[in-house]
Amino acid sequence: MSDIPTATLGRVVTYVRVLEELEAQNVQQASSGDLARRAGVTPFQVRKDLTYFGRFGTRGIGYTVAVLRRELLRKLGLDQTWNVVIVGMGRLGHAIANYPGASDYQFRNVGLFDVAPDVVGREVRGLTIQHIGQLGPFVASVAGTPRQVDLGLLTVPAEHAQAAAQALAAAGVGGILNFAPAVLQTQDLLVSTPTGEREVTVENVDFLAGMKRLAFYMLGPQTGPTEEST
């Protein structure tokens, strides 16, 4: 499913959230129109997005909420546990480590890392912050166990982002969620797999870029984001 557009994937994640809300309200059936109104898109867009993941629903009846939610979670890989390490335990790193909702989507923090002497050794939610130099040995020690490290969250200053990302890649972490305001050079981020080396998958979360786009859209309604670009 690597050919699914990024915008589509983002909307499907929103549909999952909508389905969770409906299920919590004991709603059993929902139409594409119901999902569209709550997600802020059109019914056609909902149906088009869902075709990337399979055939769902019955014409004239709609979707069974619990079934659609379960199937989308499975297709998104959210029916399994993903173990996460956080590199950079400043304010943002602490906030993410303390965020209670991640475990609802099977994301579990297993390791915290930093370089600052006054930070290393502290405990956050039962995990002791380790020095970044221990990242490789830590990942190796849990490889092949139920605590295998899958993802790395990068919350370091921009000038240290590439080096920290390379440390994650060298340790064998195949996916990075980058909160640092820096463009990572992915061609330098290679991870070994049973079939050879591949580039680490990087997802960027840039708050400042989001605010810059919002400032532009606020110039007038005609400049707002279109359905296909969101």
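How do the residues of the lining of the second largest pocket divide into nonpolar, polar and charged? I will come to that in a moment, after a word on the model itself.

What we have here is a predicted model, in which local features need pLDDT of at least 70 and side-chain atom pairs count only at pLDDT 80 or more, while totals for chains, interfaces and linings use all residues. Residues are numbered from 1 along each chain as its sequence is written, and side-chain values use heavy atoms, with hydrogens and water left out.

Now to the pocket. Four residues of its lining are nonpolar, eight are polar and three are charged, where Ala, Val, Leu, Ile, Met, Phe, Trp, Tyr, Cys and Pro count as nonpolar, Asp, Glu, Lys and Arg as charged, and the others, Gly among them, as polar. The lining has 15 residues, and R47, F56, G57, T58 and Y63 lie nearest the centre of the pocket. A pocket here is an open set of points on a 1 Å grid over the protein atoms alone, where a 1.4 Å probe fits, with protein on both sides within 12 Å along at least five of seven lines, and lining residues have an atom within 4 Å of a point.

Let me turn to the sheet. Seven strands form an open sheet of mixed pairing, in the order β5-β6-β4-β3-β7-β8-β11. Because β5 (123-124) and β11 (201-204) stand at the edges with a single partner strand each, one side of each is left without a neighbour in the sheet. Strands are DSSP runs of E, at least two residues long, and helices are runs of H or I with at least four, numbered from the N terminus; two strands pair if DSSP finds at least two bridges between them.

Within this sheet, β3 (residues 82-87) pairs in the parallel sense with β4 (residues 107-114) over six bridges, and V85 has G111 as its bridge partner in β4. Strand β3 is also parallel to β7, over four bridges, and there V85 stands opposite G152. From β7 the parallel pairing continues to β8, again with four bridges, and G152 has I176 as its bridge partner in β8.

Apart from that, β9 (residues 190-193) and β10 (residues 196-199) run antiparallel, joined by four bridges, and they form a hairpin with two residues between them.

Finally, which helix holds Q162? Q162 is found in α7, residues 158-171. Leaving out residues up to four places away in sequence, Q162 touches V183, L184, Q185, D188 and L189, contact meaning heavy atoms within 4.5 Å. A polar atom of the Q162 side chain also lies 2.8 Å from the backbone nitrogen of Q185.

Note on methods: Polar contact = N/O pair within 3.5 Å; in protein donor to acceptor, adjacent residues only side chain to side chain.
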